[in-house]
2 protein chains.
Amino acid sequence: MLYAQIHLTLPAWVHELAPDGVVYAGDQAKMQLAIELSRRNIDAGSGGPFGAAIFDSRDRLLSVGVNRVVPQSCSVAHAEMMAFMTAQARTQRFRLNEGEDNVTLATSSQPCCMCYGASFWAGIDTLLIGARAEDVMSLTEFDEGPLPTDWAGELEARSIRVRRDILRESACAVLRHYSESAGAAY
Amino acid sequence: MLYAQIHLTLPAWVHELAPDGVVYAGDQAKMQLAIELSRRNIDAGSGGPFGAAIFDSRDRLLSVGVNRVVPQSCSVAHAEMMAFMTAQARTQRFRLNEGEDNVTLATSSQPCCMCYGASFWAGIDTLLIGARAEDVMSLTEFDEGPLPTDWAGELEARSIRVRRDILRESACAVLRHYSESAGAAY
């Protein structure tokens, strides 16, 4: 019989890592959280080495995401997608910036081709990126997939600001740690 | 408090439209189901005018999907994504063609930039497309987003066969019906 229900979860430890009421002012504080999520996801064995977090215009945390592909048998469950979906479930808005003036996604590594495409529809105004796609592909066996040649320009053309290399070295350290320990990309 | 759960559903009517045990031999039978899903989704008021279905190597239906963006406040809930996720939940495989030799996705309209990217990771071998992106953008107000210049070639390069214009006119008729009736794209 057809399945008509999808149920995805984040690991329970996200509540400890990201308590209510904290303000994440500036790009680095936001990225620090995304990278910490990626590290913790490896150490807890709850998924791949990727983390993401979404913030509202007052620098308050709206949602977090970590990679859950293997534990949940779901190729869609990348960190950015989990962050988009949980933020939208919380706010009940399919465009997060409807009625908000600046929504930011911080992601520990450059979005793959799926998460890149999803970024156009989720309603974000700013995209903060830690490790580059080339870092992901040189430090791990994960594939980023094909993107438009001027992928950042396409985002900017639709009013999504892109800032790269935020704490890039820290983000790369987590990817390296993953490859050296648990390691095998799916 | 952070949300840590995502719950998405397909409308209950999918069980009537796609009963167990039917074999969908050939591209046209598969596309006919995808288009019928898109039409029914409009008429039932359960989402946007897009439908998708996934078949195993013996032409048996693995899953279906329809657009659920507005009713579920989720920008990820496109027809193709719903079909990927419900097929993966059913088979408990994050790559659908792991242990299968030919998995086919039929989608009533060309995948947008997000669903395009997701197609690389879901584990499909063949992609059947009804209406073209240009049809979607001329007949409705939906946006398809930016793709690599040779988007079909990128799929073929990763062993995903692409066949376009399958029942294109029928697929376009549903898009036209949508614009003339319920109509407004989100």
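Predicted model: local features only at pLDDT ≥ 70, side-chain atom pairs only at ≥ 80, totals over all residues.
The contact draws 50 residues from chain B and 50 residues from chain A. On the side of chain B that touches chain A, the elements giving two or more residues are strand E1 (5-9), helix H1 (14-17), strand E3 (61-66), helix H3 (79-91) and helix H4 (113-121) of chain B. By class, this side of chain B comprises 31 nonpolar, 14 polar and 5 charged residues. Of the interface residues of chain B, 100% are also interface residues in chain A, so the copies meet through the same surface.

Strand pairing also links the chains. Strand E1 (residues 5-9) of chain A is joined to E1(B) by 5 bridges, and the two strands run antiparallel. In this pairing, A:Leu8 stands opposite B:Ile6 of E1(B).

Helix H4(B) is mostly covered, with 9 of its 9 residues buried. The buried residues of H4(B) include B:Cys113, B:Met114, B:Tyr116, B:Phe120 and B:Trp121, as well as B:Gly117 and B:Ala118. Across the contact, the buried residues of H4(B) pack against helix H4 (113-121) of chain A. Within chain B, they pack against H3, strand E4 (104-109), strand E5 (126-131) and helix H6 (151-157). Just after H4(B), a positive phi of about 90 degrees is found at B:Gly123.

In chain A, attention turns to strand E5 and its partners. For strand E5 (residues 126-131) of chain A, 6 of the 6 residues are buried, so the strand is largely enclosed by the rest of the structure. Strand E4 (residues 104-109) of chain A is joined to E5(A) by 5 bridges, and these strands run parallel. Here A:Leu105 stands opposite A:Leu127 of E5(A). The chain passes from E4(A) through H4(A) to E5(A) in a right-handed β-α-β crossover. A:Leu127 has A:Val162 as its bridge partner in E6(A). A:Leu127 therefore faces A:Leu105 in one pairing and A:Val162 in the other, within a strand that is largely enclosed.

Definitions and conventions
Residues numbered from 1 in each chain as written. Chains lettered and ligands numbered in written order. Contact = placed C-beta atoms within 7 Å. Helix = DSSP H or I, 4+ residues; strand = E, 2+ residues; numbered from the N terminus. Nonpolar A, V, L, I, M, F, W, Y, C, P; charged D, E, K, R; others polar. Pairing = 2+ DSSP bridges. Buried ≥ 20, exposed ≤ 12 C-beta atoms within 10 Å, placed from the backbone. Right-handed = clockwise from strand over helix to strand, strands pointing away.
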